[in-house]
Amino acid sequence: PANPFVSDSSNSLFVDIESLQRQIDELSTFSDTPAPTVTRILFSDKDVLARKYIKSIMCQLGLSVREDAVGNIFARWEGYEAELPAVATGSHIDAIPYSGKYDGVVGVLGALEAISVLKRSGFQPKRSLEVILFTSEEPTRFGISCLGSRLLVGSEQLSEGLKEAVDGQNTSFLDAARSAGYCISQEGHYFAFLELHIEQGPILEEEGVSIGIVTAIAAPASIKVDFEGGGATQVLNDAGLAAAELALAVERHVLASGSVDSVGTIGILELHPGAVNSIPSKSHLEIDTRDIDEERRNKIVSGIHQSAVEIAERRRVKLSSFKIVNQDPPASSDELVINAMEMVSQKLNLTHKLMISRAYHDSLFMARISRMGMIFIPCFKGFSHKPEEYASPVDIANGVKVLALTLAKLSLE
Ligand code: GLV
Ligand code: MN
Ligand code: MN
Ligand code: MN
């Protein structure tokens with residue numbers, strides 16, 4: 001079979017960037033806010049339309065399309081050794097309020113274009129190739145990120161629990177499932193998972209480098225906090241001021257780590273009842289903090305907790321809830337995948353750089369069940385999660401080429 005990686009046809013690899021750009025623009029119109037902003041919240045009418053749009057492209061490419069119970073969408077191009085674990089790639093199309101049209105989308109539509117490129121070149125995959133659209137990478141609607149990929153990789157607790165389930169003959173559920181051809185653990189289902197994404201940082205653009213190859217993804221945590229004021233109406237202990245103090249404490253704990261890799265923000269701060277002539281009786285904050293170093297991130301989280309307790313006590317308000325929504329470990333990319341991406345970039349004469357991802361991605365979770373690697377492309381001033389988000393057609397096309405050839409190479413492993 002034709003192999004664009006081994007043969008020298010990689011120079012003539014044709015990315016139809018006009019068509020891809022048209023698709024990116026069209027997808028951005030499925031939005032609940034006016035252009036140039038994009039707002040596409042999980043399972044809203046616009047999200048459902050956008051999903052249909054993506055599925056129609058998947059079908060046009062002749063891929064077999066499947067959806068799971070939570071709306072992850074899989075489009076598979078069967079390899080000639082289809083029983084081998086597949087090589088997958090993908091990202092998300094949900095968009096936080098008033099954001100842009102490239103975050104996630106480049107990794108879904110770009111992946112479908114990468115499949116197109118390989119099909120046009122006459123390539124035949126050995127391992128199947130699969131494009132995945134993940135449900136709700138963004139935490140907007142349900143307060144937890146990467147829902148689809150989290151659920152896809154399964155929970156350790158569940159598989160631990162199932163280990164203890166045995167029948168009358170002392171056969172475990174897991175053994176019985178395995179002998180019937182089912183696999184409760186997703187581990188080994190994919191040979192590798194790749195994700196193409198805009199950098200969401202300024203480094204590639206500033207340094208004039210075409211391709212970022214991600215070596216590790218930082219560890220994210222998010223926390224929800226509620227304060228309740230106490231006392232009589234006219235001398236109510238102010239739950240709003242407690243929240244304000246905690247917001248500043250978050251900044252202090254993050255800066256105290258001394259590392260540029262420690263970051264944190266308070267993206268949500270709500271006061272109740274929200275009237276100018278009413279002392280806030282309740283306040284609600286949502287905190288996001290991340291670090292490439294898990295221990296350092298954990299120290300920040302416990303520092304925030306101590307501050308919340310101390311502030312509540314001193315201000316005589318009640319810390320009615322301190323909920324750690326997620327506290328995920330970081331993930332490392334796989335050597336084999338990194339090497340393949342480096343080789344491919346060199347072959348395409350594209351400058352590249354090894355870098356870490358401070359943003360999280362579905363790849364953070366896919367790394368738990370599969371070799372993982374990510375391709376970053378430059379984006380304008382590093383802007384993301386806002387309408388100024390932009391990646392140039394040339395950079396997108398470069399990313400698609402690297403993705404296509406890496407998929408091809410890993411498919412033949
Ligand atoms: C991704 O959306 C992130 O917040 O890192
Ligand atoms: Mn995002
Ligand atoms: Mn994203
Ligand atoms: Mn994201």
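**Close-up 1. Strand S4 and strand S7 run parallel and are joined by four bridges.** In this predicted model, strand S4 spans residues 86-92, and strand S7, spanning residues 190-198, is mostly covered, with eight of its nine residues buried. Within the pairing of these two strands, valine 87 has alanine 192 of S7 as its bridge partner. Strands of a sheet pair through backbone hydrogen bonds, in either a parallel or an antiparallel manner.

**Close-up 2. Strand S7 is also joined to strand S15, by seven bridges, and the two run parallel.** Strand S15 comprises residues 371-377, and its arginine 371 is the bridge partner of alanine 192, the residue that is likewise the bridge partner of valine 87.

**Close-up 3. Four strands form an open sheet in the order S10-S11-S9-S12, with antiparallel pairing.** Strand S10 (263-272) and strand S12 (318-327) stand at the edges of this sheet, where each has a single partner strand, so that one side of each is left without a neighbour in the sheet. From one strand to the next, the twist averages 15 degrees. In a regular strand, side chains alternate between the two faces of the sheet.

**Close-up 4. Strand S10 and strand S11 are antiparallel and are joined by nine bridges.** Strand S11 covers residues 282-291, and its glutamate 286 stands opposite isoleucine 268. Helix H8, formed by residues 239-256, lies across S10 and S11 as well as across strand S9 (219-228), and runs at about 10 degrees to S11.

**Close-up 5. Helix H1 and helix H3 cross at roughly 140 degrees, their axes coming within 10 Å.** Two packed helices are described by the angle between their axes together with the distance between those axes. Helix H1 consists of residues 17-28 and helix H3 of residues 105-121, and their crossing is right-handed. On the H1 side the contact is made by Leu20, Gln23, Ile24 and Leu27, and on the H3 side by Val105, Leu109, Gly110 and Glu113. Sorted by class, the residues of this contact are five nonpolar, two polar and one charged.

**Close-up 6. Confidence of the predicted model, with ipTM 0.89 and pTM 0.91.** Across the protein chain the pLDDT averages 94, and 94% of the residues score at least 70. Where pLDDT is low, the predicted coordinates should not be read in detail.

Key
Residues are numbered from 1 along each chain as its sequence is written. Chains are lettered from A and ligands numbered from 1 in the order in which they are written. This is a predicted model: local features need pLDDT of at least 70, side-chain atom pairs count only at pLDDT 80 or more; totals for chains, interfaces and linings use all residues. Axes are lines fitted to C-alpha atoms, for helices over the stretch in contact, and angles run from 0 to 180 degrees between N-to-C directions. A crossing is left-handed if the near helix is turned anticlockwise from the far one by less than a right angle, and right-handed if clockwise. Two residues are in contact if their C-beta atoms, placed from the backbone, lie within 7 Å. Ala, Val, Leu, Ile, Met, Phe, Trp, Tyr, Cys and Pro count as nonpolar, Asp, Glu, Lys and Arg as charged, and the others, Gly among them, as polar. A residue is buried if 20 or more other C-beta atoms lie within 10 Å of its own, exposed if 12 or fewer, and partly exposed in between; C-beta atoms are placed from the backbone. Two strands pair if DSSP finds at least two bridges between them. pLDDT is the predictor's confidence in each residue, from 0 to 100.
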